[in-house]
Amino acid sequence: MTMTRSVTIQEGLDVYSIRKQFPILDREVKGRRLVYFDNAATSQKPQSVIDALVNYYTNYNANIHRGIHTLAEEATAAFEATRDAARQFIHAASREEIIFTRGTTEGINLVAYTWGRQNIKAGDEIIISAMEHHSNIVPWQIVCEEKNAVLKIIPINDEGELLMPEYEKMLGPKTKLVSIVQVSNALGTVNPVKTMIDAAHKAGALVFVDGAQSTVHLDINVQEMDCDFFAFSAHKLYGPTGVGILYGKKHLLESMPVFQGGGEMIKEVTFEKTIYNDLPYKYEAGTPNIADTIAFKTALDFIQETGKEKIRKHEQELLVYATSQLEQIPGLRIIGTAREKTSVISFIIDKTHPQDIGILLDNRGIAVRTGHHCAEPLMRRFGIPGTARASFAVYNTKEEIDELVTGLQKVVKMLL
Ligand code: PLP
């Protein structure tokens, strides 16, 4: 008998064949091939996603749910298939817990305006952190102002990590909600959300997780995480703009008041009284963004087919490589050096405004983001006006990082 040894081969990512799927990567900017490092703002779209949009408008454009004709049925089936794919992607228990929104921002606002207005009372406390995106600050500020509640901020250290003992001290009987970003868009820090959720639940508070930056990089299992709400945006996951998901535990979504009124969110309307629809439609008033929602499933398929683990490994390699290269540039300081990071590098260069860095890099066809990254309080915490930020995705390469490094060396020579 021949003994066969089972060997598991972890194959790497074929980045060059991935790149072929993204037509925009062939375009030139200022006479050079585009190097796109603004993925934390929005990622580029594979041809399959673009085709899904064109296919909908070419072959079965129709309004959904209400029609009985063939086109309406096809559109409805494709639209609802995205709900199932999104449920699977974040491992929610049921499709009724998956609400379509315009994006993370709308998901947070939805909960602030419904659950927040119903449950927050004078003197209650909502906890967020010093590294939140404005989308996870302002809606809670509005609720706190309206209700005379208190917004508390978890401080961070110089590496850009949450001060967990401070967080634990903040939790108490007045805490009604913790709303926390899972991955910081400006620093790349991965926050220990599971530990934070367990601690908040012990104190009797609910937890909202802002998954705008985490969902594309990490495996998301909302049931294991045990968060009460979770929001993310399709456009940061190789999908279209204008679509997002709000996940909420069913019993919470059922008990919350409605958000917007209109078609689809009703069962029956009379002038005396309206009976609202069941979940998930209760929160989906009006004609949704049908084409983009349908194409979002194609983006999720792209991620699944490529393999999240392979993508993560590739992005981590890019992060390690870029960090070691950028650290060698004189006067450059990386903002955000947490032990757990996704592929985001924010940096400043001595005596140089981030905007000038952005403009000079753009002249070389390299797209980075500059400014406060919708996290002004975080910039203030570091005492800086903003940073330049390079964020990497599945299609980026080490050669592109070399181009960034060469570009930055030129910037340093020119500006210092
Ligand atoms: N939260 C974080 C951490 C983000 O990075 C972003 C977008 O950059 C948002 C929320 C808002 O997402 P959207 O603009 O897609 O609603």
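A pocket is an open set of grid points, laid over the protein atoms alone, with protein on both sides within 12 Å along at least five of seven lines. In this predicted model, the space taken by the ligand is the largest pocket.

The ligand is surrounded by 13 residues, and the closest of them are Thr105, Asp210, Gln213, Ser233 and Lys236. For threonine 105, an N or O atom of the side chain is placed 2.6 Å from an oxygen atom of the ligand. The corresponding distance is 2.7 Å for the side chain of glutamine 213, and a value of 2.7 Å is also found for the side chain of serine 233. Taken alone, the ligand exposes 390 Å², of which the protein buries 85%.

Ser233 belongs to strand β9, which spans residues 229–233. This strand is mostly covered, with five of its five residues buried. Phe229, Ala231 and Ser233 point one way from β9, whereas Phe230 and Phe232 point the other way. Residues directed to either side of the strand are buried.

Strand β9 pairs with two other strands. With strand β8 (residues 206–210), the pairing is in the parallel sense and extends over three bridges. With strand β10 (residues 244–248), the arrangement is antiparallel and comprises five bridges. Alanine 231 takes part in the description of both pairings: this residue stands opposite aspartate 210 and also opposite leucine 246 in β10.

Note on methods:
Residues are numbered from 1 along each chain as its sequence is written. This is a predicted model: local features need pLDDT of at least 70, side-chain atom pairs count only at pLDDT 80 or more; totals for chains, interfaces and linings use all residues. Side-chain values use heavy atoms; hydrogens and water are left out. Buried means under 20% relative accessible area, exposed over 50%, partly exposed in between (1.4 Å probe, protein chains only). Helices (H or I, at least four residues) and strands (E, at least two) are DSSP runs, numbered from the N terminus. Two strands pair if DSSP finds at least two bridges between them. A residue is near a molecule or strand if one of its heavy atoms lies within 4 Å of it. A polar contact is a pair of N or O atoms within 3.5 Å; within protein, one must be able to donate a hydrogen and the other to accept it, and residues adjacent in sequence count only if both atoms are side-chain atoms. Accessible areas come from the Shrake-Rupley method with a 1.4 Å probe; for residues, only the protein chains shown count as cover. On a 1 Å grid over the protein atoms alone, a cavity is a set of points where a 1.4 Å probe fits but cannot get out, and a pocket is an open set with protein on both sides within 12 Å along at least five of seven lines; lining residues have an atom within 4 Å of a point. A molecule sits in a cavity or pocket if more than half of its atoms lie within 2 Å of its grid points.
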